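Student: Could you show me how to read the way helices pack in a protein model?

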Amino acid sequence: MEVWRLARVLSCYSSACGRVLVSGSRTRSSGVTVLQGNITHCDFSTGPPVTESTALVYKSHGDPSQVVQLETLRLPALEAKSALVKMLAAPINPSDINMIQGTYAILPDLPAVGGNEGVGQVLEVGSQVQTVKVGDWVIPRDAGLGTWRTAAVFGENDLVRVPSDISLLSAATLGVNPCTAFRMLSDFESLMPGDTVIQNAANSGVGQAVIQIAAVKGVHTINVVRDRPDLQQLTDRLKAMGATHVIKEETLRKPEMKDIFKVCPRPKLALNGVGGKSATELLRHLQTGGTMVTYGGMAKQPVTVPVSALIFKDVKVRGFWVTQWKRDNKHDVLRVMLEELCILIRAGKLSAPSCTEVDMKDFHKALDNAMKPYMSSKQILVM
C-alpha cells in the first residue's frame with residue numbers, strides 16, 4: 001500500500017476511535033510514526049491535498065436540532081500566515097448552544113460552523129508561520145472559529161499549540177472549562193490551604209475542574225448540585241475527584257450548613273454558574289469581605305443581591321468571561337496557564353470531564369443530549 005494511503009487509513013482509524021497512544025517505543029518510516037504497531041501521529045506532507053471539509057453548519061439562529069446541518073465545505077487556499085488543521089475532537093458546550101440560539105454575547109456571521117472549542121492537528125503551514133508546525137496539536141485561542149468540522153484553514157494567531165502527550169479528550173476540553181476554573185481560583189481571592197470555595201453547577205465541566213484544581217491547592221470545596229435520581233453516584237464521583245462536600249441546592253437553606261462550617265471555614269469565594277435563587281444562597285454563606293464570581297446563568301434568571309450582604313458583609317460581586325480574559329492577555333500568558341494545567345493532567349490530578357464520544361454523523365443525538373437537564377456527560381464530537 002502506498003505510504004500516504006496507509007497514513008490516511010490509520011489516521012482515520014485513530015480519530016474514529018478517539019484514542020492517541022503516547023507511551024512506549026516509536027519508530028518512524030516514510031512519514032508515519034508508529035508506536036508498538038499503533039499510530040500516534042500521521043504526517044500528511046506526502047499525501048494528497050485536503051481541499052474539502054465536512055462541517056456542522058447553521059444558516060439561521062434557532063433550535064440547534066432544527067438549524068444545524070451536516071454540509072461539505074470547500075477549504076480556502078492556504079495563505080502565508082495560516083495553517084491547515086485536521087480537527088480531531090470538539091465538545092458541545094453551553095456557549096455553543098447559546099451561540100446557535102442567537103443568545104450569546106458574540107455571534108458569528110451567518111452561515112457559520114458551530115463549535116468554539118476542540119483540538120486539531122496541523123497538516124500544513126504557510127510560508128511565514130512561526131508558532132506552529134506540521135504535526136502539532138492546536139486549540140483555538142478565541143471563540144467563534146467553528147470547530148465542528150473535519151478540517152479548516154485557520155490564521156496562525158488563532159491557534160495555540162498544546163502538548164500531544166495528554167489524552168485526546170483532555171486536549172479537546174482544555175481551552176474553556178479548565179481555564180475558566182483556573183482563572184477564577186487565581187484572580188479574585190488569595191486562596192490559601194484550608195480556605196473554602198463554594199460553587200453551584202458543581203457537576204459541570206467548570207465545576208469538575210474547580211474541584212480538582214482546588215484539591216491540589218489544599219482548598220476545601222462545597223459543591224452544590226440539583227437533586228436527581230443518580231445523586232449518590234454523582235456525589236461519589238465528585239468526591240473521588242477531591243470534593244470536600246457535595247450538597248443539594250435545598251441544603252443551602254437548611255441548618256445542615258452550620259455543621260459544614262464546623263469542619264471548614266465559611267467560603268472566601270463563591271462561583272456561580274446558575275444565577276437566580278441559587279446565586280443568592282451562595283452569597284448568604286460567604287464570609288465577610290468574600291467574593292462571588294458569576295461565569296454562567298443556566299437558570300436564565302437574574303442574580304439578586306441582598307442589601308444586607310452588601311452593607312454588613314461587604315461582599316464583592318464580580319463576573320468572569322474566559323473569552324474576554326484571553327483577549328486581554330498575550331499569547332505567552334495563555335501558554336503559561338495551559339502548561340500549568342497540562343502538568344496537572346500529566347500528574348493525574350486534572351482529568352477531562354465525564355464525556356460521551358459521538359461520531360459527527362450522529363450530531364442530532366449529541367445536540368439533544370447536550371441540552372437535556374441533569375446530563376453530567378459532556379458530548380464530544382469525534383471527527
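Student: Which residues in helix 5 meet which residues in helix 6?

Tutor: A quick note before we look: this is a predicted model, where local features need pLDDT of at least 70 and side-chain atom pairs count only at pLDDT 80 or more, while totals for chains, interfaces and linings use all residues. Residues are numbered from 1 along each chain as its sequence is written, and side-chain values use heavy atoms, with hydrogens and water left out. Contact means heavy atoms within 4.5 Å. Here Asn177, Pro178, Thr180, Ala181, Phe182, Met184, Leu185 and Ser186 of helix 5 meet Gly205, Val206, Ala209, Val210, Ile213, Ala214 and Lys217 of helix 6. Those residues divide into 10 nonpolar, four polar and one charged.

Student: At what angle do helix 5 and helix 6 pack?

Tutor: Axes are lines fitted to C-alpha atoms over the stretch in contact, and angles run from 0 to 180 degrees between N-to-C directions. Helix 5 (residues 177–187) and helix 6 (residues 205–217) pack at about 50 degrees, with axes 8 Å apart. Under 35 degrees counts as roughly parallel, over 145 as roughly antiparallel, 65 to 115 as roughly perpendicular and the rest as oblique, so helix 5 is oblique to helix 6.

Student: And how does helix 5 cross helix 12?

Tutor: Their axes come within 11 Å and cross at roughly 100 degrees, helix 12 being residues 331–346. That makes helix 5 roughly perpendicular to helix 12. Pro178, Cys179, Phe182 and Arg183 of helix 5 make the contact with Met337, Leu338, Glu340 and Leu341 of helix 12: six nonpolar, no polar and two charged.

Conventions: Helix = DSSP H or I, 4+ residues; strand = E, 2+ residues; numbered from the N terminus. Nonpolar A, V, L, I, M, F, W, Y, C, P; charged D, E, K, R; others polar.
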